[in-house]
Amino acid sequence: MLMSTESLPDDVRLIEADAAPTRFARGWHCLGLTRDFGDGKPHAVRAFGQKLVVFRGADDAINVLDGYCRHMGGDLSQGQVKGNEIACPFHDWRWGGDGRCKNVPYSKRVPRLARTATWPTLEQDGMLFVWNDPERKPPPTDVTIPRIDGATSTDWTDWHWYTTVVNTNCREIIDNVVDMAHFFYIHGSLPTHFKNIFEGHVATQYMKSGARPDIPDPEGVKMLGTTSLASYHGPSFMIDDLTYHYEGADQRTVLINCHYPIDANSFVLQYGIVVEKSEYLPEEQAIQTAVALGDFVKMGFEQDVEIWRSKARIDNPLLVEEDGPVYQLRRWYEQFYVDVADVSSDMVDRFEFELDTTRPGEAWMKEIEDGMAARAALAETVG
Amino acid sequence: MTLRPDNRLADVPMTPIRCGRCASRVLVRKSSWDQTSVQWDAAAVQGCAERSHAERVAARGRPEPFLACSALSESIVEAARHGELKVVDDVGP
């Protein structure tokens, strides 16, 4: 038998983590594409630890209500839309988009306290948003989702959209905003310039990447690199203006990366893409590009999910100088989990983190070259 | 959640730097000659001339984030060159 007899060190770094919050972030959350909710039928959505019902009334407004009837608890998502109201499948009680019971068909009156929970909605650029606020206040006018010009233009493709469930707390996906190194190790891109800016309710990641010498160019077109300007507008909705630079032409795309929490330990991840058409990239090829980019993003997220599946939640990550501003990002993110009155200036004050990556770039280039050399050596051995 | 301090700031904290153009005061840290962190407060943001200009220009259309103040960036590099701002890489382990 082999036994280690050295005494155990007592200065071990411990991973610390509070339980994931049971409160859900204040802010606009995208539930998906309007075309998937606007068919005049009720739709069930599990979000913010509850079950919601989403329906478009005869007046064309999309409404989001708590999913259960206040009468006897019937599941409204199994009911029917009648006029502007959702009718409960149990006793036909009618609920309006304002949360009030409008009619109990077999009764002269509706009870005085017949009011259920509602979520303010926003339909914009083909997407449906709901405003979540544990304090149940309406959205401030200066907290908005910016318009995406390409989404409504015939010069761009329609949304190419993915939806998937991820079984971990949604803070993990927020951390990606600052994790520059993981783009190389997990996603195979090579950032040359990286910047984070946190200010107010917006968190931005600006990134310029060169082409990696070990990944071949598609069909003989020389890829020079990419520029990505990606901002979270609030806790869950990111718009990424992603431009591919080819020799002689730029290809503009917009990538949405958004999520909404199902509960403390799972969330729905969605991403959508629109691609600009051009003389080089007519309709059919632009759609193919959107699909290809979607597949690429899907692969990236699948690699993230594989890590998240088994990783530990950690509130005290141990960082080196080359890591990004994880603590400052989490300080920004915390503003969405406290009452408005408790949002402190350090959560919303401007913070910048910039890296002109010539130095780590060199280190990574070396690793790529080592990898190519290893593959070449392997090919020789096999061949 | 309890917000925790960045373990890197324990060794080398952020240093106050004044912008040579508008005299806004920010906190700065350079972990290397390539890396820069800048902590602004509301007064510094309000006092920044380049930012005010960018906001006037961006009043139309989709608001672009203000990426950097070039005058402040120059002031930071100057402070690092003159040794008023330590570069963590140069401090040694």
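Domain bounds here come from an automatic or database domain assignment. On that basis, chain A comprises domain 1 (27–132) and domain 2 (152–358). The model is predicted: local features need pLDDT of at least 70 and side-chain atom pairs count only at pLDDT 80 or more, while totals for chains, interfaces and linings use all residues. Residues are numbered from 1 along each chain as its sequence is written, with chains lettered from A and ligands numbered from 1 in the order in which they are written.

The C-alpha centres of the two domains of chain A are 32 Å apart. Contact (C-beta atoms, placed from the backbone, within 7 Å) links 13 residues of domain 1 with 15 residues of domain 2. On the domain 1 side, strands S1 (27–33) and S2 (43–47) of chain A each give two or more residues; helices (H or I, at least four residues) and strands (E, at least two) are DSSP runs, numbered from the N terminus. S1(A) has the largest share of that side, seven residues.

Turning to the chain interface, 32 residues of chain A are in contact with 25 residues of chain B. Among the elements of chain A that each supply at least two residues to its side are helix H4 (326–333) and helix H6 (358–382). The largest share, six residues, comes from S19(A).

Which way do S19(A) and strand S3 (residues 35–39) of chain B run? They run antiparallel, joined by five bridges; two strands pair if DSSP finds at least two bridges between them. Within this pairing, A:Glu352 stands opposite B:Val38.

Key: Two residues are in contact if their C-beta atoms, placed from the backbone, lie within 7 Å.
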